[in-house]
Amino acid sequence: MTTTFDSTLTDRLTARLAAVDADLARRYPGDPGTRQPVHTVYVPADAFAADTVRTWGERALAALDEHAPDAEALSAALGVDATAVHDRVRAKLAREPVEDLRVDFEDGYGRRSDAEEDEAAARAAELTAASVADGSAPPFVGIRAKSMEAAVRDRGVRTLDVFLTGLMAGGGLPAGLVLTLPKVTHAAQVTAMAEVAGEFEKAHGLDAGRLRFEVQIETTQAVLGPDGRATVARLLDAGEGRVSALHYGTFDYSAACGVAPAHQAPDHPAADHAKAVMQTAVAGTGVRLSDGSTNVLPVGPRERVHAAWRYHHALVRRALARAYYQGWDMHPGHLPTRYAAVYGFYREGLDPAAARLAAYAAGSGGDGPILDEPATARSLAGYLLRATDCGAADTAEITGLTGLTRPQLDALAGRAG
């Protein structure tokens, strides 16, 4: 084969781009290949109890049985065909009603005396450690301490210290530990949180990087800086590799933008803008995204419950279509519609996604109506794995539809090490 270039050209290019290659590999490692919860439930620290998860599940089941006892009733309540999901939702509420629990020491808890918050933080650690030990803890659990703002910084750091030290005394940090840093207004606050994490690791002989944390995007400064530059991506660098997720804060962010209370919602244009910037900033980094919450609660007479359910269900489906696979739930009555929306999203797309992935894996993608590329195949496999993670489908079902084993699905999704 006659060519123009010799190998010295690519050698020179490789040497010139080596630093760029390393930087891209560091910044964009891809999906971490771990389960992401479909929601975060948060409860005030003073309301957190040993039976919180069980109680939420029981209340959610009671609401489902009272207001939508069968598939036909749930379909009528939501205005969609819920035939394929009702029983799965009910089983999920009985088996694992909460996937991610955050004990809240911030807005939901407020300002207390130092002695009272110390006691609550120690109690949260004790209850969390006990639930991990007896197997009753949700897959993910942790706390939201106060922010790094000047007025509450000391209190937030102390609460983290009391909680984490209590966990160490109670058996060590659980695998599913999650910490949430709220109300970030400057990248230096994220660096400060990373320093706190590092100091704790050193003090207890933990591996560097063991403690990671979520950042809540609740201020306009976290999205757009005073110089007109987008600031979200800077938060990731500021976290020194410890930022695990960005969570949109519906009400603080909406209020900061001047949105009237009646219109503060996850589907407001201001919310869509912030979340689009967040999504672009984390693409390829392995940092996850979470939507916020709605304060429209499904309580009261059936008509009001059904209206709130339809609203919540639509919000969750909207978020899922926009690749926000997690959100915040404020009330046990939100759990039936959280899982109905999530399960419907996956069940409706299960067969076509499996068929497309099977065709791609068999090398026959060109024979069908859609020609999928490797990036889309990765997305298809990720979609099917998310369905199994949350209980919308099981591995045997996915294998039956695709002919692919779990390791093969992991490899296609980029989850394999």
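In this predicted model, helix 2 (residues 52-67) packs against helix 11 (residues 302-321) with the axes 11 Å apart and at an angle of about 115°. Because angles of 65 to 115 degrees count as roughly perpendicular, helix 2 is placed in that class relative to helix 11. The crossing of helix 2 past helix 11 is left-handed. On the helix 2 side, the contact is formed by A63, L64, E66 and H67; helix 11 contributes R302, V305, H306 and W309. Sorted by class, the residues of this contact are 4 nonpolar, 2 polar and 2 charged.

Helix 12 (residues 335-361) and helix 13 (residues 374-390) have axes 9 Å apart, and the angle between them is about 140°. Helix 12 is therefore oblique to helix 13, since the roughly antiparallel class takes in angles over 145 degrees. Here too the handedness can be stated: helix 12 passes helix 13 in a left-handed crossing. From helix 12 the contact draws on V342, Y343, F345, Y346, G349, L350, A353, A354, R356, L357 and Y360. Its partners on helix 13 are P374, T376, A377, L380, A381, Y383, L384, R386, A387 and C390. The class count for the contact of helix 12 with helix 13 is 17 nonpolar, 2 polar and 2 charged.

F345 and Y346 of helix 12 and Y383 of helix 13 are in the contact, and F345, Y346 and Y383 make up one aromatic cluster. The model has 7 aromatic pairs, counted where ring centres lie within 6.5 Å.

At Y324, K275 is the residue over the face, and the distance to the ring centre is 5.7 Å.

Notes:
Residues numbered from 1 in each chain as written. Predicted model: local features only at pLDDT ≥ 70, side-chain atom pairs only at ≥ 80, totals over all residues. Heavy atoms only, no water. Phe/Tyr/Trp six-rings, centres within 6.5 Å; stacked < 30°, edge-to-face > 60°. Lys NZ or Arg CZ within 6 Å of the ring centre and 35° of its normal. Axes fitted to C-alpha atoms, helices over the stretch in contact; angles between N-to-C directions. Helix = DSSP H or I, 4+ residues; strand = E, 2+ residues; numbered from the N terminus. Parallel < 35°, antiparallel > 145°, perpendicular 65-115°, else oblique. Left-handed = near helix turned anticlockwise from the far one by under 90°. Contact = heavy atoms within 4.5 Å. Nonpolar A, V, L, I, M, F, W, Y, C, P; charged D, E, K, R; others polar.
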